[in-house]
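The sequence and model are shown first, and the description follows.

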Amino acid sequence: MLESRWLKAVGVAAAITLATATAAQAAPAPNPAAESASAVVTLRYDDSRAGGWEAEIAAGVASWNSNVDNVKLVEAAPGTRAEIQIVATSGWPQATLGPVRPGGQVRVELGSQAVAQGHDKTRIAAHEIGHSLGLPDTKPGPCSQLMSGSSAGISCKNALPNAAEQSRVESAYGGGLASRVPADGRVLVDAP
């Protein structure tokens, strides 16, 4: 009788071990490469020195946030460091070419000279933010290319990145590269 209880206990223990081993095999191990490839990079922007452009900056940020999956732009809390410094100037719009990384810093200048010549403020804001995310100018270019900038003419109001522009930004921030590759650093002036 003692032997039959022992055999029963061994059988139960074996069944528990088998069930645990099966469950462990059924749940795949986490894949760090997949996690970093799908990670969202959050970049803060400071537009406290861009008076008169608040609505257009918000629209430009919303354009990028709704069209790129692995980058999220958020307004920096007052007194905190921001990766993207946005200021209003009297000259032509210009920006530091990124891609800016968390902890790095680039500057966007939203120039009123382009507005005075008839260019759309929301397109300007979205275009210059695109430089911060690593996109160069594609001039000359059609209105359908956000990064064609002023070469698309003053009638162009498109503030949305096209599929190629979206893909390029997602590639720049994909694969866990967000903290390893520095910004390009050149300043691109968007004058005709």
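Arg123 is found in helix H5, which spans residues 121-132; helices (H or I, at least four residues) and strands (E, at least two) are DSSP runs, numbered from the N terminus. The model is a predicted one, in which local features need pLDDT of at least 70 and side-chain atom pairs count only at pLDDT 80 or more, while totals for chains, interfaces and linings use all residues. Residues are numbered from 1 along each chain as its sequence is written, and side-chain values use heavy atoms, with hydrogens and water left out.

Arg123 is buried and yet has no salt bridge, the nearest side chain of opposite charge being that of Asp120, 6.9 Å away. Here buried means under 20% relative accessible area, exposed over 50%, and partly exposed in between (1.4 Å probe, protein chains only). For charge, Lys and Arg count as positive and Asp and Glu as negative, whereas His and the chain ends are not counted; a salt bridge is a side-chain nitrogen of Lys or Arg within 4 Å of a carboxyl oxygen of Asp or Glu.

The side chain of Arg123 does make a polar contact of 2.8 Å with the side chain of Ser148. Such a contact is a pair of N or O atoms within 3.5 Å; within protein, one must be able to donate a hydrogen and the other to accept it, and residues adjacent in sequence count only if both atoms are side-chain atoms. When residues up to four places away in sequence are not counted, Arg123 touches residues including Cys143, Leu146, Gly149, Ala152 and Cys156, where contact means heavy atoms within 4.5 Å.

## The salt bridges

A search of the whole structure finds 2 salt bridges. Side chains of opposite charge can pair when their charged atoms come close. In one of the pairs, the side chains of Arg44 and Glu83 meet at 3.1 Å, N to O. This pair links distant parts of the chain, 39 residues apart, with Arg44 in strand E1 (residues 41-49) and Glu83 in the loop between strand E2 (71-75) and strand E3 (84-89). Arg44 counts as partly exposed because its relative accessibility is 30%, whereas Glu83, at 1%, counts as buried.

Arg107 also forms a salt bridge, with Glu109, and the closest N and O atoms are 2.8 Å apart. Arg107 is partly exposed, with a relative accessible area of 35%, while Glu109 is buried, with a relative accessible area of 17%.

Tyr173 lies in helix H6 and is buried, with a relative accessible area of 1%. A polar atom of the Tyr173 side chain lies 2.6 Å from the backbone oxygen of Val100. Leaving aside residues up to four places away in sequence, Tyr173 touches Val41, Leu43, Asn70 and Val71, and also Pro99, Val100, Arg101, Ser132 and Leu133. The C-alpha atoms of Tyr173 and Leu133 are separated by 8.7 Å, although these residues are 40 apart along the chain.

Gly174 has its place in the loop between H6 and strand E6 (187-189), and it is buried, with a relative accessible area of 13%. Gly174 and Val71 are 103 residues apart in sequence but 9.1 Å apart in space, C-alpha to C-alpha. Lys72, in strand E2, is partly exposed, with a relative accessible area of 41%, and among its contacts beyond four places in sequence are Val41, Leu43 and Asn65.

## Cis peptide bonds

A cis peptide bond joins Gly98 and Pro99, with omega about 15°, and Pro99 is placed in the loop between strand E4 (94-96) and strand E5 (106-111). The peptide bond from Lys139 to Pro140 is also cis, with omega near -10°, and Pro140 is found in the loop between H5 and helix H6 (163-173).

## Overall organisation

The protein chain has 6 helices and 6 strands, which follow the pattern α-α-β-α-β-β-β-β-α-α-α-β when read along the sequence. Of its 192 residues, 38% count as buried. Among contacts between residues at least 6 apart in sequence, 66% join residues at least 24 apart.
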